[in-house]
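Subject: A structure for you to look at

Hello! I am handing over the structure we talked about, and my notes follow below it. Please open it alongside the text.

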Amino acid sequence: MKLGTAKPFPYEFELKRTALVIIDMQRDFVEPGGFGESLGNDVSLLRAIIPSCQAVLNAWRELGGLVVHTREAHRPDLSDCPPAKRSRGNPSLRIGDEGPMGRVLVAGEPGNEIIPELAPRPGEIALDKPGKGAFYATPLQGLLQQVAITHLVFMGVTTEVCVQTSMREANDRGYECLLLEDCTESYFPQFKAAAVEMFRAQGAIVGWTATSAELLAALA
Ligand code: C5J
């Protein structure tokens, strides 16, 4: 398959060698009343990508493509949360504190679940990741190697933090990465815009970008 209009040049992929990776579409970041909103963020910005993410996820599932979901999540005893991560800044709530939807960024808490609109199905990979990147301290690379995946299509939040880190980690591991611009978002639109530009600069130094409509047309 070929996305002839991908930037900065056409992106070619084989469905059976490509995974759709959905980063951290968890309730605490995306839903009103969650941790993200409690920090003063406008979650409607993030919610706006849900329909395009659903359209891509549905098309991908229909074609039998591999789907990977991640959650930024720590163990309840926080043994996988470096003190530097927990103590950084001066937030009103820290990782592990009781937030509006349970303990913040702790696996198994209601706020840590992926939003129902994009909930993982049996047979899909759903990973807890203690860092910003999807490869750090997770079995992701081994799981992708088992099924000979070479290409990754990214969606999710936030563009400049967990999506960016994951895509850079993947690029360094040799994966050909595509980011769907209207399926990723940030609480800070200028950060999203800068990240998207950076990925595809210098001849796709991190990877390619395209819209969900371009991908859906290629999949049709
Ligand atoms: C993600 C964050 N998922 N911004 N986390 O981007 O801390």
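**A helix across the sheet**

Helix H7 (residues 159–172) lies across strands S3 (18–23), S4 (66–72), S8 and S9, and runs at about 170° to S9. Helices (H or I, at least four residues) and strands (E, at least two) are DSSP runs, numbered from the N terminus. Axes are lines fitted to C-alpha atoms, for helices over the stretch in contact, with angles from 0 to 180 degrees between N-to-C directions. Contact means that the C-beta atoms of two residues, placed from the backbone, lie within 7 Å.

This is a predicted model: local features need pLDDT of at least 70, side-chain atom pairs count only at pLDDT 80 or more, and totals for chains, interfaces and linings use all residues. Residues are numbered from 1 along each chain as its sequence is written.

**The sheet**

Six strands form an open, parallel sheet in the order S7-S4-S3-S8-S9-S10. Its edge strands, S7 (125–129) and S10 (208–210), each pair on one side only; pairing takes at least two DSSP bridges between two strands. S8 (residues 151–157) and S9 (residues 176–185) are parallel partners over six bridges, and histidine 151 stands opposite glutamate 176 in S9. Helix H9 (residues 212–219) lies across S8, S9 and S10, at about 125° to S9.

Which residues does valine 56 touch, leaving aside its neighbours within four places in sequence? Its contacts are Leu20, Met155, Leu180, Cys183, Ser212, Leu215 and Leu216.

Enjoy exploring!
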